[in-house]
Amino acid sequence: MEFSSSICPPEILCQILVGLSRTTILFIVASGLTLILGVLRIPNIAHGSLYMIGAFIAFSVSKWFGGGTTGFWMAVALAPFAVALISLVVERGIFAHLYEREHLMLLLLTFSLALILGDLVKMVWGGEYRTVQLPGSFKGPIPLASLPIPIYNIFLIIIGPVVALGLWLLANKTKIGKISRAAAVDREMVGAVGVNVSWVFAIVFVIGCFLAGMGGALVSPIVNITLGMDHTLIIEAFLIVIIGGLGNVWGALLGALIFGLTQSLGILIWPQFGIVFPYAAVVTVLIFRPTGLLKSTW
Amino acid sequence: MPYSKIGDDIIVRYEGPLDSSGMVGRLRPTGLLCGMGVDKESLMEAIMKKGVITGTGVVLVWFLAASFSFGADTIKVGIIDTYTGPATAYTFDVLDGFKMAVNKVNARGGAPGKKIEFLTRDEKFKPDIGLAMAKELVLKENVDVLMGTINSATALAVSDFARKERIPFFVTFSKSDKITGEQGHRYVFQITENTLMAGRAAAFELAKKPFVKYWIAGDDYEYGHAIADGVWTQLKKLKPGVQKLGESWWKVGETDFTPYITAILAAKPDFIIVATGGSGMVNFQKAAKATGLAQKVPFYQHTAIELSTLEPQGLDAPEGVYGTANYLFYYPDTSENKAFVEEFRKTYNRYPKIGALYGYVTGVLIEKGFAKAGKVDKEKFINAVQGMLIDSPVGKLELRACDHQLMLPMFFGVTKKVSQYPFLIASDIVIILAKDYMPTCEEIKALRK
Amino acid sequence: MTKNIHEKEFWLVLILFVLLLIFPFLLTRFYIYLLALIFVSGLAAMSLNLVLGYGGIYQFHHAVFYGVGAYGAALTITKLGHSPWIGFLVGPLLAAFLSLVMGAICVRLSKLYFGMLQISLGSLVWAIVYRWYSFTGGDDGIHGVSMPALIGSTKGSYYFALLVTGACLMTMYFIVKSPFGSTLQGIRDNPVRSEAVGVNVRLHQLVALVIAGFFAGVAGVLFVVVDNSAFPDMLFWTLSLEILIMCLLGGWLTFLGPMLGAAIMVALRTFASTFTEYWTLIQGIILMLVIIFLPEGVLGYVNAKFRQLGDVTSRGKA
């Protein structure tokens, strides 16, 4: 058991910044998941698969545009839309007919979808490792008190709150946002008032999956794009959603923050067992506030 | 009302005088509606339900029937491996290398005079499935030889099974040293290097370098710890002055190493031994490139210089990373290696990675073993193949008789960008001969007690 | 009328049992092994259904108890050196104990929250088993667990699995038919009303969880008997989902549904891989079709067809 030799402010700041960049990806994916869970009441296990598809599509788009700066930006712009399109097809084709089923059934339905999508990815892209190139301006680190922080991580830290703000605006300032929040609370009433609930659900589902695809696209340059990415992420995303409060986007942010920071700070304190900290945090939260830290929509 | 069906909403307006609970008011219309047949499933639904059940049944029976193969007079090889998930990046090469060897043998008429046929099974990196498939291959398909896998847990379980069933089993990618070490036996052969061997080879070279203060980090699973232990124990033996400042272990599949890297840098070691495996290799190198780690503190990873790690990163891989590997397609520049690479590229349109060598050599061993034995007899095959010397793209290789471990040369080098390839390669390559880094027969014997 | 149906079902089950006894003399070793595997998975699925189908509890990480049972037995035999029969007892008892502890923590919650907390706790147990390699062998698992000669062979392990599974199923049947079982189903259908009638809902659920955990542990022990190994994968959440699917596929509102579901899954898995490397795809498609068109599972559908003749309680839900 080894404790880190010295813990002084520059290192803590460094770990916090790094933890925050990790938070962004987790938040983006988890926010999509919590939207779908909150409004449609579907625990979408296929969310991880969509994240993986987002990363693979980002790879293909980037390669098509020849890599480098254009490739990267085109990938980040196009991949989420591609994933959104796929999710629209899935939603209209399958989910739209099954909203009244029990949660357990819906959960297993999304699980079967995850199985199918996982193998489809293998069929289309094969088993090799893929990566996406970073644009030149994002490569390399910025030194911060003699410790390097990769520029791309700073970029991610900036993107996080931007997305959060965007979602907040969408939910509170647009008509569709307000209708969705109403539908989350009482779908029958919304339907009785004359709104086509089915299409509201479709839009929310597509937005949620768009976010999953975005997460995958944003993570593609710093990570090994491989089969099985979906499994590792989905459990973390679900735990974040649960501790944040079902359907609560700010809760997803809070949960992602807790997850990201407890891990990066935990590494500083106890490097050998840094991984335990976020899970311990989750269990603690659930024992004391089982419905999540912030208000859920159910 | 036959236009309504299950799932539709029907609104009933005012049914008559209400009683206190409203029960009668609710039951009567319900009864009427059901009497009209609205609660029965529609014809479409009924057909679909029957269809699903019969469909599943038909599929099952079809699979069952088709799985009865009537074995021709061939040498049957059963391959269990992971063809799903991140490990696939390595295992397809093993299969392709093996196929290349087998096609050559069969073109020549087989060995001896019998063609080699093979069956593959995907264990999805799950040992219980792998073991079940091994049993299926042996008990139902009656294979003569078993081959595979990248999952060490599966390899150990199948090895145990192979011993009971007395069938030879060639381990093609699993790196646990228990396979030919303490749990080794007559029926298991290991083609790939194991963690103990890799560690000792690395220590052999690192001991010659001036680094003193080490940090150890890696994937928190058996493979990671085994490699780290392998390197460190041997390094301490060869150079007692080295110090370990600390250790960091992250979960397997970790994608963001930056927090770990910054924490390690804060401790200021001279050198880092990074025990990552599989996709962790690329992820760590990406983080290393982003933080400029290799230029600040050099580090070593087993297979850092290998194509499977370097090719996906293209020209963005970090330079100056130390690594070991058992196969480099560009080195040594011998005619056998060139011919092998040429043939592989022509058949599969890509450069061969380490797995290709393992698969190819296994194919050659199986062919030569049965050819020497003269007939398809498992015991004779084992007697023939142990201690055998074969030609390979990396020179003459011996399948050591005392532990059934293939004696591969290990290459130690540093990553470097060159103009002729769109990916980095190893430079300053040193060849470490098998006899210099493998445990001796006496050590193996002591382990197996 | 009901009594006649009981007898009819009873004879069907008896005939099936006799057939299973004779099979080893007719089939090759591989199919004997396959049937034994089906018993193991089936028992695990049946134990899940005790709390899932009959109790309405969202048991999302049932595999933990299955794995702990297996490891309990395997470690007792290999690391502690005791006789296998002691190992066979340690496994289920350890699983039941773990179920008690985890249940006590989780049972305050309901539905999805129960499931998620259980997954977190279960993953913690998995992580411990996975990392404690000096004791548990880590991700290499445990191999070559020695068995008494009587049950060590393929046929021997088959009969042992058959007899143990049969005994467990009979016990489960009596539990389900007992007042305890009926109360459990009442809690599933309407927990508020049950509480109002004076039933201690939490205690009932906890007892059910412990029983389910015990039987899952037995299934784990049987796995060690049949395959002589234990793997950390047995405690991973994906296996929990697979067991859940077996319950669903076969019919989670029927008694024998999960066993049928296990049979279909194991058979599919074995035979589909001879064909294609994409059998996850096939598994996903079949699962999706079953969920959409056969929400009550295969056995549920069959039972519904015989609705006029079938015993009402065999459908589990009035």
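This is a predicted model: local features need pLDDT of at least 70, side-chain atom pairs count only at pLDDT 80 or more; totals for chains, interfaces and linings use all residues.
1. Basis. Local features need pLDDT of at least 70 and side-chain atom pairs count only at pLDDT 80 or more, while totals for chains, interfaces and linings use all residues. Residues are numbered from 1 along each chain as its sequence is written, and chains are lettered from A and ligands numbered from 1 in the order in which they are written.

2. Overall build. Chain C has 15 helices and zero strands; these are DSSP runs, H or I of at least four residues for helices and E of at least two for strands, numbered from the N terminus. The radius of gyration of chain C, 19 Å, is close to the 20 Å of the globule rule for 318 residues, so the chain is as compact as a globular protein of that length. The radius is taken over C-alpha atoms, and the rule is 2.2 Å times the number of residues to the power 0.38. Along the principal axes, the C-alpha atoms of chain C fill a box of roughly 50 × 50 × 40 Å.

3. Burial and contacts. In chain C, 56% of the 318 residues count as buried, that is, with 20 or more other C-beta atoms within 10 Å of their own, the C-beta atoms being placed from the backbone. Of the contacts in chain C with a separation of 6 or more, 77% join residues 24 or more positions apart; a contact requires C-beta atoms, placed from the backbone, within 7 Å.

4. Helix pair. The axes of α4 (residues 84-106) and α11 of chain C come within 7 Å and cross at roughly 145°. Axes are lines fitted to C-alpha atoms over the stretch in contact, and angles run from 0 to 180 degrees between N-to-C directions. By class, this contact has 16 nonpolar, six polar and no charged residues. Here Ala, Val, Leu, Ile, Met, Phe, Trp, Tyr, Cys and Pro count as nonpolar, Asp, Glu, Lys and Arg as charged, and the others, Gly among them, as polar.

5. Loop residue. C:Met234 sits in the loop between α11 (201-227) and α12 of chain C. C:Met234 is buried, with 26 other C-beta atoms within 10 Å. Its C-alpha atom is separated by 4.9 Å from that of C:Gly67, 167 residues apart along the chain. Beyond four places in sequence, C:Met234 touches residues including B:Asp128, C:Tyr66 and C:Leu239.

6. Side towards chain A. Here 27 residues of chain C are in contact with 26 residues of chain A. α14(C) gives the most to this side of chain C, with nine residues. The residues of this side divide into 22 nonpolar, five polar and no charged.

Methods. Two residues are in contact if their C-beta atoms, placed from the backbone, lie within 7 Å. A residue is buried if 20 or more other C-beta atoms lie within 10 Å of its own, exposed if 12 or fewer, and partly exposed in between; C-beta atoms are placed from the backbone.
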